[in-house]
Amino acid sequence: MHFPFRAVLAACSMALAAAAPGTAVSQTWPDKPVRLVIPFAAGGTTDLVGRLMAEGVAPELGQPVVAVNRAGAGGSLGAAEVARAPADGYTLLLGTPGTQAINAYVYKNIGYDPKKDFAPVAYVVQVPNVLLTNPQSGFKNVADVVKAAKENPGKLNWGSPGVGSSGHLILEMFKQRAQVDIAHVPYKGASQATNDLLGGQIQLSGDNLPTALSFIRSGKLVALGVTSKEGVPSAPGVAPVAATLPGFELTSWFVLMAPAGTPPAVVDRLNKAVEHWLAKPETRKRLTELSAQPVGGSPDSLARHLEAEQRKYRDLTTAAKIELQ
């Protein structure tokens, strides 16, 4: 029996495409703009990092990367939107500790499963948090706060952007490590907590270092300690909290996530684009100015990081007896 040459050629082509679908995808993707969902409002650290990455990665992909803000429920609204999006690489999430770890242990229904509904793409940056006080408090360092809290249990007030926020969990870890009682004052956002700290209505708070730097440098707020293992060049003279409370570490991080089921070839292309952008001297200089440490690495290494962070926040929220909101 004889088969037409064209039919044989077509059959071979189909077989090759079926055997290596990622190759075909990687050759055509992206052929339109990519959408990056930033799950918080404009102006904060998440927004700054997300827009900087979108601008830097676009040339690597050959398509615009459009950053859009979808704030609400501690980042859950934006994350849920991406979890429900088609797994084609055109809708991505800038994930945070809130969206990928904390919210599942704080809210009754976040609208997605952080472990099952996303494909890890790239670990972008790590950002230290910082313990802050108003100059009127007289506190100069972490040891001063520990001493005052032990002498006056429950008398100090610590403001945060809300229950389950990183600012709140810094307090809970502080209380556990120092074995002290400090009152938590939850606000509806970081700006409200900062305003009351500036006004002296509360004595303490925890915030991302990049957003707090201007207040620290102007002398309006005092940095008591950073939450990273080591000191940070952009905050010279500010010791790690761990220098007083060994083992204390609670940094913020920003990661690129795609909907679960996104083709591996697309994930790999995105990962390489982020890696190339992070490796550029101008990128590293700009991120350092923001007190952000470039990380990078493979999707598998990011998956391991997320698993470790989810365990850490599960244990922390359980010990703090945080009720589901």
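**Close-up views of a predicted protein chain**

Buried residues make up 50% of the 325 residues in the protein chain; buried means under 20% relative accessible area, exposed over 50%, and partly exposed in between, with a 1.4 Å probe and protein chains only. This is a predicted model, in which local features need pLDDT of at least 70, side-chain atom pairs count only at pLDDT 80 or more, and totals for chains, interfaces and linings use all residues. Residues are numbered from 1 along each chain as its sequence is written, and side-chain values use heavy atoms, with hydrogens and water left out.

View 1. Helices (H or I, at least four residues) and strands (E, at least two) are DSSP runs, numbered from the N terminus. The C-alpha trace spans about 95 × 40 × 30 Å along its principal axes. Take the contacts with a separation of 6 or more: 79% of them join residues 24 or more positions apart. Contact means heavy atoms within 4.5 Å. The accessible surface of the chain is about 15,100 Å², and carbon and sulfur atoms hold 55% of it. Such areas come from the Shrake-Rupley method with a 1.4 Å probe; for residues, only the protein chains shown count as cover.

**View 2. Six strands form an open sheet with mixed pairing.** The order is β2-β1-β3-β10-β4-β11. Two strands pair if DSSP finds at least two bridges between them. β2 (65–69) and β11 (293–294) stand at the edges; each has a single partner strand, so one side of each lacks a neighbour in the sheet. Helix α12 (residues 299–320) packs on the sheet and touches β4 (118–127) and β10 (252–259). The direction of α12 makes about 75 degrees with that of β4. Axes are lines fitted to C-alpha atoms, for helices over the stretch in contact, and angles run from 0 to 180 degrees between N-to-C directions.

**View 3. Strand β1 pairs with β3 and with β2.** β1 covers residues 34–38, and β3 covers residues 91–95. These two run in the parallel sense over three bridges. Val37 stands opposite Leu93 in β3. β1 and β2 also pair in the parallel sense, over five bridges. There, Ile38 has Asn69 in β2 as its bridge partner. Four of the five residues of β1 are buried, so the rest of the structure largely encloses this strand.

**View 4. Pro294 sits in strand β11.** Pro294 has 15% relative accessibility, so it counts as buried. Pro294 and Val124 are 170 residues apart in sequence, yet their C-alpha atoms are 6.1 Å apart in space. Leaving out residues up to four places away in sequence, Pro294 touches Val124, Val125, Leu278, Arg284 and Leu287.

**View 5. Strand β5 (residues 129–133) is mostly covered.** Five of its five residues are buried. In a regular strand the side chains alternate between the two faces of the sheet. In β5, Asn129, Leu131 and Thr133 point one way, while Val130 and Leu132 point the other way.

**View 6. Strand β5 pairs with β8 and with β9.** β5 and β8 (residues 204–208) pair in the antiparallel sense over five bridges. Val130 has Asp207 as its bridge partner in β8. β5 and β9 (residues 222–226) are also antiparallel, with four bridges. In β9, the bridge partner of Val130 is Val226.
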